[in-house]
Amino acid sequence: AGAAGFLVKDIEPEDFLHAVRVAARGDALLAPSITRKLINRYVTQPLTTGKGLEDLTNREREAVTLVARGLSNNEIADRMVITPMTAKTHINRAMTKLHARDRAQLVVLAYESGLVTPPTT
C-alpha cells in the first residue's frame, strides 16, 4: 500500500505508538523534524524540471506513478511484471529526464503535474 509516514530513528516510544495509530486510521504522518527539512529544502531549492512528463515513455510514466504511490522498487517490479533492476532503470531514466534530484522530488513532480492525485476519503 506504500508509505503512510516517515519517522526519525530516535523517536520516543509514545510518539511511535501514535504514528502506528495514525497509519492504522489511514492517515499520513511526518515527524516534525522531517517536515521542517522538507519545507526548507523545497523553499531553498525550487523544482527545476525538464520539458515535462511528455518526455517519458509509458513505462517510465507508470513507474513514476507507482513511486508517487509509495511503492518500493521490488513492489513496482511486481506490479509492472518486470525485474527490480528494470524498475530501477525506468525510475532513474525518468529522474534524469525530469531533472529530479531524488525520489522525493519525483513524487512532488508526479503530484504537481497531475500524474497522480491524492486519494479522496
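**Talking through a predicted model**

Modeller: Let's start with Val20, which counts as partly exposed at 42% relative accessibility. Keep in mind that this is a predicted model.

Colleague: Now to Glu60. Why is it called buried?

Modeller: The cut-off for buried is under 20%. Glu60 has 4% relative accessibility, so it counts as buried. Glu60 is in helix H3, residues 58–68, and leaving out residues up to four places away in sequence, it touches Asp55, His90, Arg93, Ala94 and Lys97.

Colleague: Which other residues of H3 are buried, and what do they pack against?

Modeller: Besides Glu60, the buried ones in H3 are Ala63, Val64, Thr65, Leu66, Val67 and Ala68. The buried residues of H3 pack against helices H4 (73–80), H5 (84–98) and H6 (103–113). After H3 comes Gly70, with a positive phi near 90°.

Colleague: How do you know that Lys97 and Glu60 form a salt bridge?

Modeller: A side-chain nitrogen of Lys or Arg has to be within 4 Å of a carboxyl oxygen of Asp or Glu. For Lys97 and Glu60, the closest N and O atoms are 2.8 Å apart, so the pair qualifies. Lys97 sits in helix H5 and Glu60 in helix H3, so this pair ties together parts 37 residues apart in sequence. As for cover, Lys97 is partly exposed at 30%, whereas Glu60 is buried at 4%.

Colleague: How many salt bridges does the structure hold?

Modeller: Two. Another pair is Arg59 and Glu62, whose side chains meet at 3.0 Å, N to O. The limit is 4 Å, so that one qualifies as well.

Colleague: Why are Arg59 and Glu62 said to be about one helical turn apart?

Modeller: An α-helix has 3.6 residues a turn, so residues three or four places apart point the same way. Arg59 and Glu62 are three residues apart in helix H3, so about one turn separates them. Arg59 is partly exposed at 33%, and Glu62 is partly exposed at 32%.

Colleague: What does the whole chain look like in terms of helices and strands?

Modeller: There are six helices and two strands, and from the N terminus the order is β-α-β-α-α-α-α-α. Of the 121 residues, 26% count as buried. The accessible surface comes to about 8200 Å², with 58% belonging to carbon and sulfur atoms.

Definitions and conventions:
Residues numbered from 1 in each chain as written. Predicted model: local features only at pLDDT ≥ 70, side-chain atom pairs only at ≥ 80, totals over all residues. Heavy atoms only, no water. Helix = DSSP H or I, 4+ residues; strand = E, 2+ residues; numbered from the N terminus. Buried < 20%, exposed > 50% of the residue type's maximum accessible area, 1.4 Å probe, protein only. Areas by Shrake-Rupley, 256 points an atom, 1.4 Å probe, with all protein chains shown as cover. Contact = heavy atoms within 4.5 Å.
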